[in-house]
Amino acid sequence: MPVESGTSAAARQAKQKRKSHSLSIRRTNSTEQDRSGLQREMLEGQDSKLPLSLRSNLLDMFSQIEREFENLYIENLELRREIETLNDRLAADGQTFEGADLAKGALKTKASHSTSQLSQKLKTTYKASTSKIVSSFKATTSRAVCQLVREYVGHRDGIWDLGVTRTQPVVLGTASADHTAMLWSIETGKCLLKYLGHQGSVNSIKFHPTEQMALTASGDQTAHVWRYMVQLPTPQPVADMSTPCEDDVDFSDKDEADGEVEGPNDCPSVRVATTTLRSHQGVVIAADWLVGGKQVVTASWDRAANLYDVETSELVHSLTGHDQELTHCCTHPTQRLVVTSSRDTTFRLWDFRDPSIHSVNVFQGHTDTVTSAVFTVGDNVVSGSDDRTVKVWDLKNMRSPIATIRTDSAVNRISVSVNQRIIALPHDNRQVRLFDMSGVRLARLPRSNRQGHRRMVCCSAWCEDNASCNLFTCGFDRQAIGWNINIPALLQEK
């Protein structure tokens with residue numbers, strides 16, 4: 001028995017050797033069919049307790065792994081040849097490496113050296129030209145172009161809207177979510193008057209074209225007309241708070257603006273409105289004076305805009321048609337035209353020039369809430385939206401915009417300068433950008449750790465006649481900011 005058993009084992013080993021030898025020979029130039037045949041041959045010639053199907057699956061997987069290793073081996077050979085070629089080129093340039101063994105890091109060393117060489121060449125070649133570019137950019141967007149002049153701090157909550165009086169004395173007005181409106185000295189930053197007549201957030205403030213009267217809209221579903229009298233204080237020297245416009249240093253939202261800011265307690269206050277306009281069934285989000293100052297228009301979340309007679313407080317017209325809440329309203333500076341904006345992605349143009357006909361045109365140029373639409377002195381309307389675009393329209397042909405500005409953040413209440421027709425865009429991302437009417441970007445206002453807005457910027461307003469501050473912005477960091485924009489330099493370098 002032992003002899004027969006040994007003979008059988010020897011025969012089996014010889015048979016396995018022959019099959020292994022045959023397998024190794026055939027594998028070198030076999031096809032996929034040969035591989036499967038070899039697998040079956042191995043299955044038949046080997047003893048195993050595994051089921052045949054499981055053994056077949058295992059062999060298939062091992063074959064796939066083998067093919068992957070073969071591919072890697074071929075790639076390795078190609079890499080070695082490339083390394084040798086690169087070393088030959090470097091040797092011709094006077095740079096040599098000892099050996100080309102991939103395992104010894106020759107590829108890594110060569111790649112690092114080549115990257116270093118390329119970087120050095122780029123620096124040497126373009127250093128002078130890039131320095132000129134940076135210097136030119138700083139020169140065009142530095143303190144000579146846009147400078148922070150004054151901060152107006154005193155509100156206890158975010159500031160929704162602001163405006164500048166059209167009559168003397170010229171003061172700044174702000175409307176805040178803290179239920180108050182304030183009048184400020186532009187030169188000193190001191191609060192001159194506080195209006196306390198509303199019971200809700202004050203969402204808008206506009207000044208009468210010829211008299212010392214203000215129009216405010218509120219979350220208490222009313223709009224108020226109230227008179228003011230202010231005395232300007234003695235101007236103080238302006239501190240240099242300028243910084244390059246390209247400064248865009250981000251910072252934490254947790255800063256001194258989060259603390260309780262004590263409002264000015266020494267300024268006089270007005271508590272009673274001259275005229276109260278009631279008829280809306282929702283928040284009054286905006287209001288404006290029609291040309292002449294005898295009528296006002298209000299926009300509300302009840303999806304309607306109302307036209308009132310100021311002297312009698314009577315409702316003259318209710319402008320309905322928007323499908324969702326209104327967000328803003330604006331009147332033409334010289335004609336009886338009104339434009340209303342809405343969350344329904346449209347803005348509407350209302351024409352009151354003919355007393356017998358009150359026409360309306362609907363414009364669908366945006367894909368999200370239209371946050372504001374304003375008239376320019378010419379025949380243009382500029383609309384801003386949460387869809388991150390601003391569009392310029394021609395009143396004579398409103399079928400399509402004549403210019404489209406695309407931004408990286410939602411656009412809030414925009415304003416257009418009267419003389420130079422520059423658009424100021426306040427953004428949700430705390431930025432304020434300036435564009436011309438053709439859509440060319442002119443500048444970005446400074447924002448850094450020490451200055452600029454720290455929260456969403458809600459509104460902008462131009463005042464080109466003021467020598468110290470010709471642009472104002474406000475936001476939910478509870479402050480308004482006065483800027484000095486060197487418009488000639490800005491337009492010269494665009």
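Select D379 to start: at 32% relative accessibility this residue counts as partly exposed (between 20% and 50% relative accessible area; under 20% is buried and over 50% is exposed, with a 1.4 Å probe and protein chains only). The model is predicted: local features need pLDDT of at least 70, side-chain atom pairs count only at pLDDT 80 or more, and totals for chains, interfaces and linings use all residues. Residues are numbered from 1 along each chain as its sequence is written, and side-chain values use heavy atoms, with hydrogens and water left out.

**D379 and K396**

D379 and K396 form a salt bridge, with their closest N and O atoms 3.7 Å apart (a salt bridge is a side-chain nitrogen of Lys or Arg within 4 Å of a carboxyl oxygen of Asp or Glu). D379 is in the loop between strand 19 (370-375) and strand 20 (380-385), and K396 is in the loop between strand 21 (389-394) and strand 22, so the pair ties together parts 17 residues apart in sequence. Strands here are DSSP runs of E with at least two residues, helices are runs of H or I with at least four, and both are numbered from the N terminus. K396 is exposed, with a relative accessible area of 69%.

**R433 and D408**

Next, select R433 and D408. Their salt bridge has its closest N and O atoms 3.2 Å apart. R433 belongs to strand 25 (residues 432-436) and D408 to the loop between strand 22 and strand 23, so this pair ties together parts 25 residues apart in sequence. R433 is buried at 8% relative accessibility, while D408 is partly exposed at 45%.

**R413 and D161**

The structure holds seven salt bridges. Another of them joins R413 to D161, where the closest N and O atoms are 3.6 Å apart. R413 sits in the loop between strand 22 (403-406) and strand 23 (415-416), and D161 in strand 2 (residues 159-164), so the pair ties together parts 252 residues apart in sequence. R413 is buried, with a relative accessible area of 10%, and D161 is buried at 1%.

**S218**

Now go to S218, in strand 7 (residues 213-218). Is S218 buried or exposed? S218 has a relative accessible area of 0% and is buried. What does its side chain reach? The side chain of S218 comes to 3.4 Å from the backbone oxygen of G200. To see its surroundings, show H198, G200, S201, V202, N203, V283 and V284, which S218 touches when residues up to four places away in sequence are not counted (contact means heavy atoms within 4.5 Å).

Over residues 195-226 the chain is 0% helix and 56% strand, and the end C-alpha atoms are 9 Å apart.

**L491**

End at L491, in helix 5 (residues 487-492). L491 is partly exposed at 25% relative accessibility. Which residues does L491 contact, leaving aside its neighbours within four places in sequence? They are Q420, I422 and L442. The C-alpha atoms of L491 and Q420 are separated by 8.9 Å, and the two residues are 71 residues apart along the chain.

Notes: A polar contact is a pair of N or O atoms within 3.5 Å; within protein, one must be able to donate a hydrogen and the other to accept it, and residues adjacent in sequence count only if both atoms are side-chain atoms.
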